[in-house]
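Colleague: I have a model to go through and would like a plain reading of it. Can we take it piece by piece?

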Amino acid sequence: MRGTGVKVVGLADVALGYGYQQLELMVTALAQKYGAAEAYIVEPDMKFRRQMHEREGLRIVRFGSRMPPHDETFHIEYNIQIERFLKEVEPDIVVFVNAAVLPALLLQKRRPPLCIYYMLESLHHQRQAGGENFIRLNEMAKHLVDLVIVPERRRADHDLTTLGWNDARVVEVLNLTHQGFTPPAVKTEPSFMYAGTIGRQTQCHYLLDSALSGYRIDLAGPAYSEDANQILKSVQERNNIRYLGVLSSLELDAVRQQYAYSIVMWAPTDINQLYASPNKFFEAIASGVPPICAPHPQCAEVIDEFGCGLLMEDWSLGAFIEAMKEASSIVGTSRYEQLVANCKIAVEEKLNIPEQFKKVEMALEAFV
Amino acid sequence: MRQRFVLCDPSIHDVGGHYLVYAEQVLRAAEKHGFECILVVNSAFNDDGNRQFRIIKAFEYDIWGQRPSEQKPAESGFTVDDRRWLRRRYSKSGLIFAAANNLNSFQHYNTQFPLSALDTLRFKRAVIARRLLTGLEQSEAAETFDPPPPKGPQRRRWEIGRQRRLFRQALAQNGTAAQQLPERDQQYFSNLTNMGIAAESFKKALIRVVEGLALGEEDHIFFPTMAFFEITALSSALRRHRALRRPRYHLLFRRNVYDGYSTFHNGQEWPVHSHRTAFAMMDDIRRTTRLNFYTDTDPLTDQYNRFGTVPFKTLPVPVDPDALAAAPVWQERSTEQGINVAVIHETGSLNSAAFGNQVATNLARMSDLPWLLSVVGDRSVVQERVQVSSKVLLKPSTQTMQDPKSLQTILARNEIAVFADSYSACDERAVNGRVKALEETATPSIVPAGNSLAAELDLKNFSYHQRSFSSGRELSIQHARDIVWRAYEYSGVDRDAPECLSDDRLLLRLHMDAYVSLLLSPGCTHLWITFETDGMGLPGERMGVRVVAGFTDHGGAKHSEDVQLLTVKAGRRDKHSVVISVPPKAGAVWLGFSSLFHNGFHIAKLSCREMAVARWVPATYGGIRFLPGQRMDETTEVVTRAVMRLQGELESFTQILQDAGAVDADQEQPKSAIKIGFLGDARKEKGFHHLPAVMGRLLASRSAEATQIEFLLQVYAPKSAHIDVNMLTSIQLLDRRLRSLPAGMVSIAKGALDVPSYNAILKTVDAVIVPYLRTNYVARSSGIFTEAIAARKPSIIPAGTWMSQIINEHAHEFHNAAVAEEEILAWNVVPPARWAEYASNGQPLTNQEMTHIPRQVKVRRGCTSYTHIPVPAGATHIWLTFNHMQVAINDLTARIVFAFQDKEGFSNEISRTDVIVNGAADTVFSVVLPVASEGRSIWLGFCNAYSDIDFYISKVKIHWLMRKDPIAIQPGAIVYVDDGSDGKICEELTKGLSLLADNYTAYAHSADWLHRKLGDYFTPGRLVEEMLAPENAPATIDGSTVSRFSAREW
């Protein structure tokens, strides 16, 4: 190892600031733990995501490509550049999130002393992004990985069994991005926010039901598909629903606290959706905005433990309407205040980065 | 050489699952006919080494054309080939090759960055090569039809090799690129290729098996689940390979070819034509090969015979009665975390947690086993969470001990129960409840001597020991009156003690043992000591006997000591018993008796028998008694040792309690709760997703006084390459539902079950729920349904299926046997003149008679033929019988509406019950329903339930019964109406379960009756007999009667 001090590198497959913050938070936490001399995040240059974000304590290295992201050539070019970078830096700790950046790691002659697979995306997702090639890359990587961090252990259980990684050291770290609780404003009127991908897969069409016409609901998020556009078109015909467009994480954080509730649900059409570990669920709790949530197992566990939200009985429209009715009826009452108070308890006791990172620290005790 | 019976099932790839169970029970039956039995399975089979028969792994693909080996995790690894491949791909050349796949995009994004001349040339060549390559990939015929290697480094090497070979071919070609197929056509070719590979693989495997075993004319090959691509492969193999034609083939088909009822089959001839042709191609092969074709239900046989190709007959669905009989009672325990111990402290104080902590600490110190202790006490107890070590975990529980069901739930989850209170002032009913809970859950216990629970358990010692020794030998008997007694005082004085014995009564004192020394007979394994109490003591007074046995070896040296404690009930005359195990090398024994609590009481008729018996017999019934110490640490030490001792003999103690439960089971007690079992995976087709809603509805609709309904569910989502998210979602919803249900209402058996566990559940439950998707099971068999019949359990099944057809076919005989002549109050044969029709929109079509055929009633879809009949005074039941008239159709379904009204004329409806019956044309249908109280007349209607043709029924007859006991509507099952929507199905299931719970005895008797009728049919022995029956032998084929078809494969 050249120079002095520990070097930590996080390999991202998307540009920072758009999507998950988990990787940068993990790299920061590891850098702090080991007193790292240098901590890097490697990110790709992506069209529509040009803004270069800075992070305290992290050096962001951006690699450009002539090709658009998610293209095969982009993937190859990006990995060629990462490979060169890793050879030059010789990191002590590498954190990567999926197979998109594995080729660069696999081709290293020098294996990093500590390699962490922060498996934020399931194999199903990775297959959709990169085809069978990404699955092959996962199959090749077992010898490389010292620790697997997963946001949802049930989903990971399926994936790791598929890969034959039954003896891998695995830690579940909830998909949090906040350090602590931010007290919300006092709410006296029921208001609801949905932030996320618009479409039938997130059951946004439920919001259009006439039974909910009396509730103020705001939508924010990208609409990629035809049916998403149809939903947005219908939204325009409703007086009670507003579409706020695509908001960045910072913008979302700023507006979320205006609402009494945040809606979190995906139709359980595949294993990713069923075993969802959604950022926005935890973000809502951290903002003191109780989530109304479909019974995704991890979300249900958290709500059962802390009473910090409302759970739908199942994924049906009827269950959603019942939950919305209940939510609406308790705003302004002590029951709602208790929900908000429980959000604070949840964040202070468990749903914060330092608490979650303790699990990683315990797992890392095996490594010097 | 012995005749061989070879069972081939390519779908057997694991030791769990129904296929292997089926195969092994059939082979056991075949073995009884003198065959040498061989099982041929999938190449991915995980042999656990416990198989009864020779296993040959041969087949690659299962009946769905999938490769089970693909479902296993890939072999991981990073090889030299992998590195080379990565190096080539993630390089400039690789970049150019990738870019060549998307010329349009590449050109757009690289306009400002022109390539060098060399790179441009390379890029152009890459574009051409890539197109050629894509064309070659699609048009390349497989050089062989061998399946690719298993996933992992081997597969990657194979794929890389293929890619390189095609790439070299592409580069070598000059000229135009091969045309690319449209994507949809690519999929068709891919499917054809995959099925071709699967068929070829099957053929090769079969050839290897037959030639490898050198099967001959005396041998049989049985395929219990045949797929259509396998038929084609078999046909091809039989034509080409003479050796394959020697054995006799038995081919069983279990999946339907037509969907729905036979009246809809005409419209499905095009989709099934290829299946028909597959069998047609077998026809001429029957000239040279003995082939038998089967299905396992009559409706399926009708479907396959409809093809008019080869003849099919029906074989029974086998259920192994011996395995079922040998199954233990189900215990809901998980030993994933180790041995589970419940520490139950009834008086409820801070000490319970401290006691549990101390026991946990001791166990961690004394034993390497993993323990999981649950401390149970009153809700008011303050609990501490203490993790003593990684091996011992303390889990405080706040369940109250006042609720007997609560205790049962706790015991069901633990292997050992420790009752920690010395003074349990429970009333008799509560104590009996606890004994019952221990027996029903077969949980051995550690109980303080002197405790009322100990007294109750010790009362059972005698009868238990009597049973245990019934198969043993009595070597000698010594009576107290014949022995010279001595006394050993704890102060150290050892003296003669003639005063101890008078009139065959032995005096027991505190702090003194009245003892004898006896030589042991060779072969003695146990000392069985019996005595009687004679009414001494005041009721409620604590009294107990301490028995000490000190063994010496043949040389007189001390060997070992055993101390047993018995609690006796004061003021009563009871027979008591205790057993001391004799160590193998013991030559003599010093037996001492003293009182535990009371200073001076007599026991009468003391005797000591030397017994020789093969199986170990514990000292006391149901567990171990201990004497609490003066201090808690003494007590916890004693208890800890008792736990470890009990754990060492756990299996024996558990079996004892199970046997005790079996003895008591013969006494028919009214049930306060019935347990409903669901077995199978959580697929939508199996109706698992209905269960949470049904449970919720039952909870809301049944009163606390009614017979409670509990569930024992298998919760299982098989892992496969294609994850069924619906299953996982159903399981998650069930989990959510469980939180709102009372403790003990639902027990779960997670995961795949081995045969003993599966049968244990079947044996334990009172009924089985089979809420299958009706449309899938119109003709298909159901293993669990036949298993329920074999286990004499009623089932809850959907109407309009093969299952309900079986029930309907036996209903008339059952009712004829169950109804006594004197119970028939009156009867009607409803004349045709009184039938009218009622349209589905609720409007009567006409009040005139609608049928012109004498004594027949027209049954149509969409409207109801009805009549109105007064109910005779005193009638308690209505018994309806009728026949179908449509001879050619065997699966007609009739919906019968029983609507009781409050007056003789058309008036207010009091209750309505719909019953759907289905069956073959020669069935006499029979339904018995209770008359609604206050019912004065009945509106009785018929319509076609599920198919859309009109048919007639005849001989409609009504018997009015006056009987006090309930009677099953149909025998052995609740047949619920499936109207299609999930909500309606849940409603019907809820009603059906309530009906079963409220009339359980009647349905249990009817299930018993059904078992007597069908139990001998649904057996592997019967299946094998039918296969081998002489009349089943394929006839010598005369060319003039066969080969109507000239179909040939390409």
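Modeller: One term before the sheets: two strands pair if DSSP finds at least two bridges between them. Helices (H or I, at least four residues) and strands (E, at least two) are DSSP runs, numbered from the N terminus. This is a predicted model, in which local features need pLDDT of at least 70, side-chain atom pairs count only at pLDDT 80 or more, and totals for chains, interfaces and linings use all residues. Residues are numbered from 1 along each chain as its sequence is written, while chains are lettered from A and ligands numbered from 1 in the order in which they are written.

Colleague: Ok. Which residue does B:Val41 stand opposite in E3(B)?

Modeller: B:Lys57. E3(B) is joined to strand E2 (residues 36-42) of chain B by 5 bridges, and the two run parallel.

Colleague: What is the strand order in that open sheet of 7?

Modeller: E3-E2-E1-E4-E5-E6-E7 in chain B, with parallel pairing. Strand E3 (54-59) and strand E7 (312-314) of chain B are the edges, each pairing on one side only. Neighbouring strands are turned by 25° against each other on average, direction ignored. Axes here are lines fitted to C-alpha atoms, for helices over the stretch in contact, and angles run from 0 to 180 degrees between N-to-C directions.

Colleague: And the sheet of 6 strands, what are its edge strands?

Modeller: Strand E28 (746-750) and strand E42 (973-976) of chain B. The order is E28-E27-E26-E29-E30-E42, again an open sheet with parallel pairing, and the twist averages 25° from one strand to the next. Strand E30 (residues 795-798) of chain B pairs with E42(B) over 4 bridges, and B:Pro798 stands opposite B:Tyr976 there.

Colleague: Which helix lies across E42 of chain B?

Modeller: Helix H25 (residues 982-998) of chain B, running at about 155° to E42(B). H25 also lies across other strands of chain B, including strand E26 (673-678) and strand E27 (708-715).

Colleague: Switching to helix pairs. At what angle do H9 and H10 of chain B pack?

Modeller: Helix H9 (residues 228-240) and helix H10 (residues 269-283) of chain B pack at about 25°, with axes 9 Å apart. That makes H9(B) roughly parallel to H10(B); angles under 35 degrees count as roughly parallel, over 145 as roughly antiparallel, 65 to 115 as roughly perpendicular and the rest as oblique.

Colleague: Which residues meet there, from H9(B) to H10(B)?

Modeller: From H9(B), B:Phe228, B:Ile231, B:Thr232 and B:Ser235; from H10(B), B:His275, B:Ala278, B:Phe279, B:Met281 and B:Met282. Two residues are in contact if their C-beta atoms, placed from the backbone, lie within 7 Å. The contact has 6 nonpolar, 3 polar and no charged residues. Ala, Val, Leu, Ile, Met, Phe, Trp, Tyr, Cys and Pro count as nonpolar, Asp, Glu, Lys and Arg as charged, and the others, Gly among them, as polar.

Colleague: Now the two chains. How many residues of chain A are in contact with chain B?

Modeller: 32 residues of chain A, against 30 residues of chain B. H2(A) gives the most to the chain A side, with 6 residues. By class, that side has 15 nonpolar, 8 polar and 9 charged residues.

Colleague: Where is confidence lowest in chain A?

Modeller: In helix H7 (residues 249-256) of chain A, at a mean pLDDT of 85, while strand E12 (residues 291-293) of chain A is highest at 97. pLDDT is the predictor's confidence in each residue, from 0 to 100. The mean for chain A is 89, and 95% of its residues reach 70 or more.
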